[in-house]
Amino acid sequence: MKRTLTVIVAAAALVVSACGSKEDLSGSSGQSATGEVVVGSADFTENKILAEIYAGALKATGAKVSVKPGIGARELVVKALQDKSLGVVPEYTGNLLNYFDQANSKTSADEVYTALKSKTPSGLEVLEKAEAEDKDVLVVTKATADSGVKSIADLGDGKYVLGAAGEWGQRWQSKIKELYGVSFKEIKTTDAGGPVTVDALKNGTAQVANLYTTSADIKANDFVELDDPKSMYPAQNIVPLLRSDALDDKGKAALNKVSAALTTENLAELVKRVDIDKETIANVAADFLKTVQI
Amino acid sequence: MIFADAIAWLLDPVNWSGAKSIPVRVGVHLLYCLGAVLGASLIAVPLGLYIGHTGRGGVLLVGSSNALRALPTLGLVTFLYLVMNGVQTVSVLIALVVLAVPPILAGTYAGIQDVDRGVVDAARGMGMTGSQRLWRVELPNALPLLVGGLRNATLQVVATASVAAYVGIETLGRPLLDGLRVLDYAQVVGGAVLIALLAVGLDLLLALAGKLVIPRGLRLAAETRRRVKPVEEAEVVDVV
Amino acid sequence: MGDIAKYLGDAGTRSALLTMLLDHIYLSLVPLVISVVLAVVLGLACHRFRWVNTVLVSVSNVLYTIPSLALFVIIPAVIGTSVLAPVNVVIALTLYTTTLLVRPVAEALAAVPDHVRAAATAMGFRPWRRFLTVELPLAVPVLAAGVRVGSVSNISLVSVGALIGTGGLGVLFTDGFRQRYLAPIIVGIVLTMVLALVVDLILVVLRNALTPWTKAGRS
């Protein structure tokens, strides 16, 4: 009896350890003994394209690279960098700074970037920022805009329903009140600039939606972006965030070259090719690297 | 530690008022679950009674409904949402109904099938017509397994209705997904606890209802059968 | 249809699909294998010690009510694994499947008739050999039935992992949704169902091979 149990337990241990080793193979150690770099991305198209572009550029330096797309919000991504599940991720300067420094009040591109460099926790670092930017933006339908809503300041007090991702309230609710005296009748949790948000605005369950400036949905639906004269939303330049030991100098140089080539226009075009024209992310990223000769 | 945070989240008055409060979410969650189980029962119970009673097409039908179990709910919800152009309620309800049909159908069918043939023959011998046999003999005898199927379906639907939050519905899946986005474990665990409580509560309620509707003489048999439930259900599947 | 052809026409997409499929198989079947082993051990314990049974019944009742999505996220917080590690999904599904299997296995072991056990003993089988060659094989049909239910439910549950970024075919649903692109969603649903069907078929064949006496009895 005892021996049977021993055999069974040993077998179980074997199976368990076997799955442990698979985990290593799948590269969840960010930059493991084999020197593989894992590029992660958040769960939206643009970020996934950027991750593929980073991965392609790093591969060109001869590094072993894998991509782990669609991870979720910043909190999860940063944690994954720190616990070595990831090596590099494409990030956005403003939101990243606000995440590292909740008291931050800087909003212009250069100020934000400088502050970000000093606030990034040790062990992590950011490389050069790109000119390309993808900001949060509040949008309304054309009809609402025609009724006189042109800027965030026109949203009034408790007049409209906003559709935004779950964490919007926590991040911006008091800020928008403080800067513009604006509050919403209700903040509906939709998704982060995805179909649920867009549909909520289209079918009127929300009158204001939080989208992102490179979103192909804005033009496709004739949505109007509201002005943000007091710069509530900070600059959001694309920037690679990495664990310092994940990349060698060649790798860092390659990503800086990518950042130098990225503009808001060419990025928006890449997003459109994936979201509207249904091209694959891998192909779009490869095309980009070819055109900018990386 | 996490659980202390979760309890703090659960008790925080902020979470008990407004459009995103715990009571609202519990209510919405409950509505979707009840709708789904009710809808599934309307389809599965008559169907199960019919094929169990006539013995026609049973194996094929129950087999194919069991193939439905492999249908990923997240896939179905996203598919229906896009096809129906953003109609959240209906797409989620259909997906949950599809989830609930197989256990109820299997329970009903197995219940009727399991009725002692001698009992049915005795009923026939007493001169009962087909429908009399179904309503007075087969159905009461099938109730224990039928209720078992309902309980299985309810458990699954309550746990799965969280997925509805992905298409923007304020079910108890909301704190799970929102908490996940910002790694706020208090919210995630708090939401999970609420879902678990809801599931346990509904299960107890159904068990109680079962006690009331199942004839006393059958209860003992019911208890023993329910315990080996998953297996019996699975055995009905054997069509491949 | 044209969309699906276009979608599958890309070689990069096809190789990505293969990776997802393999991930999916790994994430759903490894827990199944571990669970079978655990369920036999625990089932045996249940059968020998009454209190194990009591504990397991209450634990499994509670466990089954916890939504998979929550379990996927809570596990790294409780045992300190990396948040993105596939092992979280593996552990969660192992817990579900084991609880599904234990009770039937314990009951099947208990249901072995005493005269069978006595006969084996009389033939000179020592207890461990009697367990492996007589009692366990007799429990195979019950075990197989449970494993089939477990495999189908695991294969469909792994998709939910896409909401936390653990890979598998579920990624096709979230990706397709964000792009409003039905092709990947349909492909994902079809692949999931085909996978479940194929695994089920293999399990039936395996069961029949392991229980030759049932066939002899039937014919």
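How are H2(A) and H12(A) oriented to each other, oblique or parallel? That pair gets its own view below, after two notes on the model. This is a predicted model, in which local features need pLDDT of at least 70, side-chain atom pairs count only at pLDDT 80 or more, and totals for chains, interfaces and linings use all residues. Residues are numbered from 1 along each chain as its sequence is written, while chains are lettered from A and ligands numbered from 1 in the order in which they are written.

**View 1. Helices H2 and H12 of chain A pack against each other.** Here H2 (residues 45-60) meets H12 (residues 281-291) at an angle of about 55 degrees, and their axes are 9 Å apart. Axes are lines fitted to C-alpha atoms, for helices over the stretch in contact, and angles run from 0 to 180 degrees between N-to-C directions. H2(A) and H12(A) are therefore oblique to each other (under 35 degrees counts as roughly parallel, over 145 as roughly antiparallel, 65 to 115 as roughly perpendicular and the rest as oblique). On the H2(A) side the contact uses Lys48(A), Ile49(A), Glu52(A), Ile53(A), Gly56(A) and Ala57(A); from H12(A) come residues including Ile281(A), Val284(A), Phe288(A) and Leu289(A). Contact is called when C-beta atoms, placed from the backbone, lie within 7 Å. By class, the contact residues split into ten nonpolar, one polar and two charged. Ala, Val, Leu, Ile, Met, Phe, Trp, Tyr, Cys and Pro count as nonpolar, Asp, Glu, Lys and Arg as charged, and the others, Gly among them, as polar. Helices (H or I, at least four residues) and strands (E, at least two) are DSSP runs, numbered from the N terminus.

**View 2. Five strands of chain A make an open sheet.** The order is E7-E6-E8-E5-E9, with mixed pairing. Strands E7 (186-189) and E9 (224-225) of chain A sit at the edges, each pairing on one side only. Two strands pair if DSSP finds at least two bridges between them. Further in, E5 (residues 136-140) and E8 (residues 208-212) of chain A run antiparallel over five bridges. Look for Asp136(A), which faces Tyr212(A) in E8(A).

**View 3. Chain B is built from helices, with eleven of them and zero strands.** Its C-alpha atoms fill a box of roughly 65 × 40 × 30 Å along the principal axes. An unreviewed UniProt entry annotates "transmembrane region" at residues 30-52, 58-83, 90-112 and 185-209 of chain B; UniProt positions are given in the numbering used here, feature names are shortened, and annotations may be inferred rather than shown by experiment. Residues 30-52 of chain B are 100% helix, with end C-alpha atoms 31 Å apart. Residues 90-112 of chain B are also 100% helix, and there the end C-alpha atoms are 32 Å apart.

**View 4. Chain C touches chain B with 45 residues, and chain B answers with 36.** Chain C has ten helices and zero strands, and its C-alpha trace spans about 65 × 45 × 20 Å along the principal axes. H9(C) gives the most to the side that touches chain B, with twelve residues. That side of chain C has 30 nonpolar, ten polar and five charged residues.

**View 5. Chain B also meets chain A.** Eleven residues come from chain B and 16 residues from chain A. The chain B side has six nonpolar, two polar and three charged residues.

Definitions and conventions. Contact = placed C-beta atoms within 7 Å.
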